[in-house]
Amino acid sequence: MAISIQEAVPTGPVPDDPPRSRRGGRGRAVVEVVLLAALAIAMLFPVLWILETSIKENRDVYAVPAKFFGFRVTLDHFKDAFVAAGGGRSDLSVAFLNSVIVAGGSTALATLFGVPAAWAYSRFDLRAKKDQLFFILSTRFMPPVVVVIPVFLMYRQLGLINTKLGLVLIYAAFNVSFTIWMMKGFVDEVPSEYEDAAMLDGYTRFQAFRRFTLPLLVPGIAATAVFALIFSWNEFVFAIFLTSSQDVRTAPPAIAGLIGGTTVDWGLVAASATVFAIPVLVFAFLVRKHLVAGVTLGAVRR
Amino acid sequence: MSTTTDHPVQEASSTPPAPGRSRPLSDRGLAVAFISPAMLLLLAMSVFPLLWALYLSFTDYSATRDVPANFVGLQNYIDILTSAQVHQRALTTLIYVIGAVTLQTVLGFAIAYLISRRTHGRGVLTTLFLVPMMLSPVVVGLFWRFMLDAQFGVINSMLGSLGFGQVEWLTRQRTALLSLIVVDTWQWTPFIMLIALAGLTAVPKYLYEAASIDRASEWFRFRNITLPLVWPLLLIAVMFRAIEAFRLFDLVYILTSGGPGVSTETLSFHVYKVAFLGFNTGVASAYGILMVLVVIVLAQLYLRYLNKLKEG
């Protein structure tokens, strides 16, 4: 989002020279704005449609032709998402809670393991460092549906099938490779001279890392952790194959399960999708500066 | 810290030479201690399972039968590589990957270009455009399924008011794959846009100024300044998307479940059917290993371009 506006050039990269923009420039600018607006509407319409459906009464949800305006607003779908029919917590709210636990746990684990490793890869000359880093990245690219076959068998042996711990571990593995790649970039930006200077002061290498480098890395760690959280929160393939019972399932398979029956309550689907998506959008907004690095696994940074 | 560098000799003498001798060793020890937990996690959760899959790929093992696995050599691989079914899935995957990634690249770059030419509201615009990308494929798949519904879907409703007939988007062979491509494009165009925008804003302004002085045409500027400078970054984004599209599973699962017939069954989805519906674990493992090889080759290419970009 903000890579351009906040850090880079404040004006457009194409400064039209005055005579040119006086002539055909105005008409062209109008065309461009109209085009951009049309594209923005096309991209945002589905999002607005989810929001609208989530607050419509069922009658209006299935109205033909579709009602864009003038429907009755209701919050029943949101209530249904959290409260079970007979009172008490709904299956979905349990799933949301599971998602929080699994995403939080796997992110904590990945950060704990990934940050020191990233620092070591950045600072030391290790044997076959490039190969090691490539290996780490390639684990992140594995097709989940392929990895899940042996992991399923492995978990069956270890009794990790249908447990939150199982999900935490597999997400942590996927996130740790991301964390290493992302954090290595942040560590590279901190001059190693700081540590050298601290070591001349008599600190050990470890103390130098802990007391001087680590505090400087906190913003980077926070951004990296947020991306790991988003990944775990949104993940679906492992969740659906490795868990089955209501009390372990995370939100994505639970929401997908809403369309299993013969009739689908689309209002409820919309409401739960909205509740599910809002934290992600908020978090993504918080890390908007690092978005380019985050979505390319830390590979591209500007 | 600046004070310490002023008196290096003094400091060094106050802490005896011991660190100097033990440092190389302790550095190595520290590196091992810092890297091994992460490596162990990856070995346990990623390498070990894949090695197991490699072993199973040479057997006729089935996860539901209690019979021990028989060694069948390369038979599974031969079966897969010569299977007409697999060829068809590969073709479907290829059409899907090329179609989706091409559309995303064209649209994403166009949007980025248009945004980069605005002076006001760039931040807001970019933020809005990025929303689809952050959503879970589950949410995206479910919602498009609702919008594309033949009876009460909003897309058909809009087409109807324009005078078109109803289209059965997800239940007709031709349109189902098209729908899949459109939905994936909707979700991932922002990704290309984001990276293209990063490239576009990094083009040094003086190049355009020089071109203006030379009275170079708009097209000339685009063709000879913008494109060559943004292209390497764009290529990274495209390759990244291609890998992701190749391994895509969740969107297919939710949107069409491979149907109607097998018209939207990609390789990922087919692996799932072989492994979890047919329980031919051995065959599925061989299939998976082949897909992993493809991913590794693609990732290697990706990384090579990335290194080139960093050095250049």
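## A walk through a two-chain model

Let's start at a loop: Gln151(B) sits between α7 (137-147) and α8 (154-161) of chain B. Helices here are DSSP runs of H or I with at least four residues, strands are E runs of at least two, and both are numbered from the N terminus. Gln151(B) counts as exposed because it has 10 C-beta neighbours inside 10 Å. Although Gln151(B) and Val167(B) are 16 residues apart along the chain, their C-alpha atoms are separated by 9.2 Å.

A word on the ground rules. This is a predicted model, in which local features need pLDDT of at least 70 and side-chain atom pairs count only at pLDDT 80 or more, while totals for chains, interfaces and linings use all residues. Residues are numbered from 1 along each chain as its sequence is written, and chains are lettered from A and ligands numbered from 1 in the order in which they are written.

Now for the domains, whose bounds come from an automatic or database assignment. Chain B splits into domain 1 (2-56) and domain 2 (75-311), with 40 Å between their centres, taken over C-alpha atoms. Four residues of domain 1 of chain B are in contact with six of domain 2 of chain B, where contact is defined as C-beta atoms, placed from the backbone, lying within 7 Å. On the domain 1 side, that makes four nonpolar residues, no polar and no charged. In this scheme Ala, Val, Leu, Ile, Met, Phe, Trp, Tyr, Cys and Pro are nonpolar, Asp, Glu, Lys and Arg are charged, and the others, Gly among them, are polar.

Chain A has its own pair, domain 1 (16-82) and domain 2 (91-295), and 33 Å separate their centres, again over C-alpha atoms. Here twelve residues of domain 1 of chain A are in contact with eleven of domain 2 of chain A. Of the helices on the domain 1 side, α4(A) gives the most, with five residues. By class, this side has six nonpolar, four polar and two charged residues.

How do the two chains meet? The contact takes 95 residues from chain B and 90 from chain A. On the chain B side, helix α3 (residues 18-56) of chain B brings the largest share, 16 residues. That side holds 66 nonpolar, 20 polar and nine charged residues.

Next, the inside. The largest nonpolar core has 173 residues, and among those touching the most other members are Val148(A), Ala273(A) and Ile195(B). Such a core is a set of buried Ala, Val, Leu, Ile, Met, Phe, Trp, Tyr and Cys residues joined through C-beta atoms within 7 Å. Its largest share, 16 residues, comes from helix α8 (residues 164-189) of chain A. Leaving aside neighbours within four places in sequence, Ile195(B) is in contact with Val292(A), Val300(A), Leu233(B), Leu234(B) and Ala237(B).

Finally, look at two loop residues. Ala128(A) lies between α5 (91-123) and α6 (129-141) of chain A, and has a positive phi near 50 degrees. Most residues other than glycine have a negative phi. Ala128(A) is exposed, because 9 other C-beta atoms lie within 10 Å. Over in chain B, Ser257(B) also has a positive phi near 50 degrees, and 13 C-beta neighbours inside 10 Å make Ser257(B) partly exposed.

Definitions and conventions: Two residues are in contact if their C-beta atoms, placed from the backbone, lie within 7 Å. A residue is buried if 20 or more other C-beta atoms lie within 10 Å of its own, exposed if 12 or fewer, and partly exposed in between; C-beta atoms are placed from the backbone.
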